Number of protein chains: 2
Amino acid sequence: MTEPTKINGPLGIIAGRGPLPCVLAEAAEALQIPVHIVAIRGEAHEEIERYPHTWIKWGEIGKLFAALEKSGCTDLVIIGGVNRPDFDNVRVDFGAIKTLPFLLSLAKGGDDHVLSRVVGFFEEKGYRVHGAGVVAPELIAGEGKLSTRAPSAGDMTDIAIGLKVVRALGRLDVGQAAVVAGGHVLAVEAAEGTDAMLLRCAELRKAGRARGRRGILVKAPKPGQEERIDMPTIGPDTMRHAAAAGLDGVAIAAGRVLMAERAATIAAANANKLFLIGERWDDADE
Amino acid sequence: MTEPTKINGPLGIIAGRGPLPCVLAEAAEALQIPVHIVAIRGEAHEEIERYPHTWIKWGEIGKLFAALEKSGCTDLVIIGGVNRPDFDNVRVDFGAIKTLPFLLSLAKGGDDHVLSRVVGFFEEKGYRVHGAGVVAPELIAGEGKLSTRAPSAGDMTDIAIGLKVVRALGRLDVGQAAVVAGGHVLAVEAAEGTDAMLLRCAELRKAGRARGRRGILVKAPKPGQEERIDMPTIGPDTMRHAAAAGLDGVAIAAGRVLMAERAATIAAANANKLFLIGERWDDADE
């Protein structure tokens with residue numbers, strides 16, 4: 001869980017995809033913390049232009065640091081998914097050339113190693129990198145039932161299996177999610193992402209491969225995952241995709257998963273008659 | 001590895017999908033062992049009609065045992081993949097009604113539990129269930145390089161990661177395969193099967209999610225997997241799909257993976273410039 005660190009001066013938000021950068025900017029301003037959004041072109045939503053901002057392209061590292069310096073941000077949140085950069089189309093500015101060995105090293109290794117190094121990269125330059133919880137703790141789901149519907153005893157058995165699978169995979173720096181139905185693991189997430197995995201489950205079901213079993217989605221962090229910049233995230237779309245896959249509900253690791261739009265996510269769970277529950281999660285558990 | 005048990009009298013082959021039932025019948029006849037194929041309608045290939053045979057539908061358990069008894073088979077091989085039966089369209093004969101509690105129990109639990117119980121079911125009735133190796137040991141790949149191409153040092157690193165992932169998953173009764181590229185786990189197999197997983201990797205690659213990295217497929221059994229009736233299997237199509245996914249090659253657990261068509265599989269690996277290698281595998285390894 002993110003520490004309630006005090007932010008000194010304006011908050012720099014390095015913005016990828018989705019609604020989270022704006023949710024965070026709004027939360028910061030509500031706390032009287034000014035923001036500057038550095039938005040990655042092709043990733044961030046145009047809505048970020050409602051706040052003080054600078055657009056950069058992948059690779060414009062010099063421009064990134066110039067924007068942070070000019071706006072006086074030494075506290076950062078890096079938020080919103082990004083696609084793994086397409087290294088053929090990166091625009092390399094002078095700042096990037098200086099950091100080229102670092103950038104090239106990012107092209108190798110599991111996600112986790114990449115993201116830890118990104119945090120380290122900013123910290124070496126004197127920035128403090130925070131998780132989203134620093135200004136918007138309500139984005140992180142706690143323990144217990146969030147939806148109207150509750151999981152059945154059978155669902156709880158499937159949840160326990162799913163948590164075990166995600167834990168075992170997480171230790172190997174793979175994925176964050178699994179789908180379990182009637183004691184049988186239907187799908188495991190790796191590079192394709194949760195939405196693509198749920199789509200696959202919908203197809204397996206259509207093909208009669210999951211007939212008579214409904215099932216659950218489990219989402220949890222990898223042990224040691226760099227949660228300041230890569231918390232597992234769910235949103236209303238996760239609920240819609242889970243419903244399309246014929247699932248009964250969704251279980252997330254309490255305190256360790258971001259809800260991109262808390263109210264809309266819970267509403268989508270209820271509208272689709274899914275349960276949504278925060279399960280106790282400790283990285284040290286077996 | 002399958003024990004070279006002696007077959008007494010004719011060999012009963014319960015036939016699912018693919019070429020293996022015929023390959024096995026041919027191998028048995030070459031050893032002067034007569035066969036009777038009990039073929040599952042909608043699963044087995046018509047080619048099995050070249051051998052003494054009986055067609056049954058899912059659920060015709062009475063007809064199955066009548067055919068085995070009439071042909072004098074007490075030694076069985078159960079071979080060729082089957083789709084998880086669609087329990088709405090099973091034809092239930094009198095033999096099935098007697099075993100209904102058993103059949104219903106198969107609808108629950110991971111693949112492994114199901115298949116172990118199927119073996120137990122035949123054994124309780126006095127049949128001996130063998131692996132394919134009993135008459136066709138050449139179908140099981142040994143240790144070492146089978147293709148012309150050899151894996152690179154980078155491939156070997158990816159293979160080691162893939163073996164670890166498959167081992168961890170296997171302990172949880174999930175899947176038998178994973179794809180690793182440049183140290184990054186691209187895909188993990190669960191209910192969708194190896195071909196669907198390779199197709200997904202081809203799509204990830206097209207979407208630029210695996211650019212500049214090629215990668216490898218690893219296939220190995222789950223620890224304790226009922227290898228007499230559910231050995232992991234590769235064939236020429238596996239090689240073609242691996243090539244379509246842009247992979248460098250395929251590593252399989254030596255002595256533990258069936259090659260549906262040995263010569264054609266190796267030829268397909270070479271035609272697609274893939275390596276194909278048997279890696280030492282011990283269920284007890286960490």
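1. Start with the contacts in chain A: of those between residues at least 6 apart in sequence, 74% join residues at least 24 apart. Keep in mind that this is a predicted model. The chain A secondary structure comes to nine helices and 13 strands.

2. On burial, 56% of the 286 residues in chain A are buried. The accessible surface of chain A comes to about 12000 Å², and carbon and sulfur atoms account for 54% of that surface.

3. The largest nonpolar core has 94 residues. Residues from chains A and B have the most contacts inside this core: Val179(A), Val188(A), Leu276(A), Val179(B), Val188(B) and Leu276(B). As general background, nonpolar side chains tend to be buried together in soluble globular proteins.

4. Have a look at Leu276(B) in particular. Leaving out residues up to four places away in sequence, its contacts include the run Gly144(B), Lys145(B), Leu146(B) and Ser147(B). Leu276(B) also touches Ile234(B), Met239(B), Val250(B), Ile252(B) and Met259(B), as well as Thr265(B), Ile266(B) and Ala269(B).

5. E2(B) pairs with strand E1 (residues 11-15) of chain B in the parallel sense, over five bridges, and Ala39(B) in E2(B) is the bridge partner of Ala15(B). To get from E1(B) to E2(B), the chain passes through helix H1 (residues 20-30) of chain B, making a right-handed β-α-β crossover. Strand E3 (residues 53-56) of chain B also runs parallel to E2(B), joined to it by four bridges; here Val38(B) stands opposite Thr54(B).

6. Over in chain A, the buried residues of helix H1 (residues 20-30) are Leu20(A), Pro21(A), Cys22(A), Leu24(A), Ala25(A), Ala27(A) and Ala28(A). An α-helix has 3.6 residues a turn, so residues three or four places apart point the same way. What covers the buried residues of H1(A)? Strands E1 (11-15), E2 (35-40), E4 (75-79), E10 (233-234) and E12 (258-259) of chain A are included in that cover. Check the backbone just after H1(A) too, where Gln32(A) takes a positive phi of about 65°.

7. How many disulfides does the structure hold over all chains? The count is zero. Cys73(A) is in no disulfide, and the nearest cysteine sulfur, that of Cys22(A), is 15 Å away. With 2% relative accessibility, Cys73(A) counts as buried. In chain B, Cys22(B) is in no disulfide either, the nearest cysteine sulfur being that of Cys73(B), 15 Å away. Cys22(B) counts as buried at 6% relative accessibility.

8. Ile61(B) is found in helix H2 (residues 61-71) of chain B.

Terms used:
Residues are numbered from 1 along each chain as its sequence is written. Chains are lettered from A and ligands numbered from 1 in the order in which they are written. This is a predicted model: local features need pLDDT of at least 70, side-chain atom pairs count only at pLDDT 80 or more; totals for chains, interfaces and linings use all residues. Side-chain values use heavy atoms; hydrogens and water are left out. Helices (H or I, at least four residues) and strands (E, at least two) are DSSP runs, numbered from the N terminus. Buried means under 20% relative accessible area, exposed over 50%, partly exposed in between (1.4 Å probe, protein chains only). Contact means heavy atoms within 4.5 Å. Accessible areas come from the Shrake-Rupley method with a 1.4 Å probe; for residues, only the protein chains shown count as cover. A nonpolar core is a set of buried Ala, Val, Leu, Ile, Met, Phe, Trp, Tyr and Cys residues joined through side-chain atoms within 4.5 Å. Two strands pair if DSSP finds at least two bridges between them. A crossover is right-handed if, with the strands pointing away from the viewer, the path from the first strand over the helix to the second runs clockwise. A disulfide is a pair of cysteine sulfur atoms within 2.5 Å.
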